[in-house]
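Visitor: I'm new to this one. Can you show it to me and walk me through a few parts?
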Amino acid sequence: MAQSIFWLLFVSCRINPGYAVASNFLMTGSKDYLTYAKSVQVGTQIGVDECKRQFAWDRWNCPDSATQLKGLKTGETAFVHAISSAGVMYTLTRNCSLGELENCGCDGSKNGKLGRGWLWGGCSANVEFGERISKEYVDAEETGQDSRAAVNLHNNAAGRLAVKDTMTRICRCHGMSESCSVKTCWTQLSDFRAVGNYLRIKYSHAEKLDIDQKRMNAGNSADIQGAIMDALGSIAQSELIYLQDSPDYCRKNASLGAHGTEGRECLLHGRGLTQGERRSCRRLCHECGLRVEEKRTEVMSSCNCKFHWCCKVHCEDCAHVTVKHVCGRKDGGDGKRRDRGPK
Ligand SMILES: *[C@@H]1O[C@H](CO)[C@@H](O)[C@H](O)[C@H]1NC(C)=O
Ligand SMILES: *[C@@H]1O[C@H](CO)[C@@H](O)[C@H](O)[C@H]1NC(C)=O
């Protein structure tokens, strides 16, 4: 049984930076892992989906598989860790508040206490629970003592903090009609999209961790641990950090998990495009030395349908042309880049 859950997690958490092999927690025979495995799996998926949404029109557009992240220490790795651990915490917290988990319910610890002109009451989101369980699953992967493990753990925690920082307060008035003589309030999770947006901003000014190389090279583990701790000490909990600068992601580089932007779709025009969509052709094609190609595809569908009494419908097959835009090589694909201009 333990084995099958292990594999269930292993195959289902496609992007996971962690929980697949959440070795300690899962393997020590704790019965809790069965209880929460489903929520962890769902939470991972909402993290992946949000990551894909956030980066849909970027050169890096979030991998489908964990193996594509293996070995990477860039800002993108930081985002994946943060959003995944946030997704797991978010789902556990929501499951808990909805009464879907045993031994877990709303956070009523502050109920009856005074806020600023209002009283705590109602069903506050139990983020402490979500945070604790998410930590047990997601952080368990980071067994190393190196800077990469320390950075991953920091980013996991930053993701969980994002869930807390985006919570909102909901209030309800009581008393004579609309007098609001008594107001009770509770906290509630935001839409997960708000967590994604929040972390996307954190990603955009993620910091590179500056570790004292002399101490790292000293070779003794106390020095290494000290250097890592000192470097982390100067970084706020809520900020994302990385160890390695990102490649430009224009070109394919399998060892970096970069697919390159050749063949990627971009949106040339259209109404109601977001800023990211409007810039997609420039960012994915032009700035990568590629051109925008029009791709026409013919799609057959029913048309000119006529109704015959009674009761038949006759249709014709019509061809519709759909136009898409994708990035293609300037020279038509012989593999050489002719653009010599600045990137
Ligand atoms: C937790 O919530 C998710 C999403 O709403 C749901 O799919 C999952 O089944 C829930 N888990 C449990 C244990 O109820
Ligand atoms: C991929 O990136 C690595 C690290 O930057 C570099 O050493 C290697 O040459 C690149 N490979 C290709 C095919 O560009």
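Guide: We'll take the ligand, then a helix pair, then a sheet.
Guide: This is a predicted model; local features need pLDDT of at least 70, side-chain atom pairs count only at pLDDT 80 or more, and totals for chains, interfaces and linings use all residues. Residues are numbered from 1 along each chain as its sequence is written, and chains are lettered from A and ligands numbered from 1 in the order in which they are written.

Visitor: Which residues surround ligand 1?
Guide: K38, S39, V42, T91, N95, E100 and L101. Each has its C-beta atom, placed from the backbone, within 6 Å of the ligand.

Visitor: Which element gives the most to that shell?
Guide: α3, with three residues. Helices here are DSSP runs of H or I, at least four residues, and strands are runs of E, at least two, numbered from the N terminus.

Visitor: New topic. At what angle do α6 and α7 pack?
Guide: About 130 degrees, with their axes 9 Å apart. Axes are lines fitted to C-alpha atoms over the stretch in contact, and angles run from 0 to 180 degrees between N-to-C directions.

Visitor: So what do you call that arrangement?
Guide: α6 and α7 are therefore oblique to each other. Under 35 degrees is roughly parallel, over 145 roughly antiparallel, 65 to 115 roughly perpendicular, and the rest oblique.

Visitor: And the sheet: what is the strand order?
Guide: β8-β10-β9, an open sheet with antiparallel pairing. Strands pair if DSSP finds at least two bridges between them. Two bridges join β8 to β10.

Visitor: What is the bridge partner of C266 in β10?
Guide: H325.
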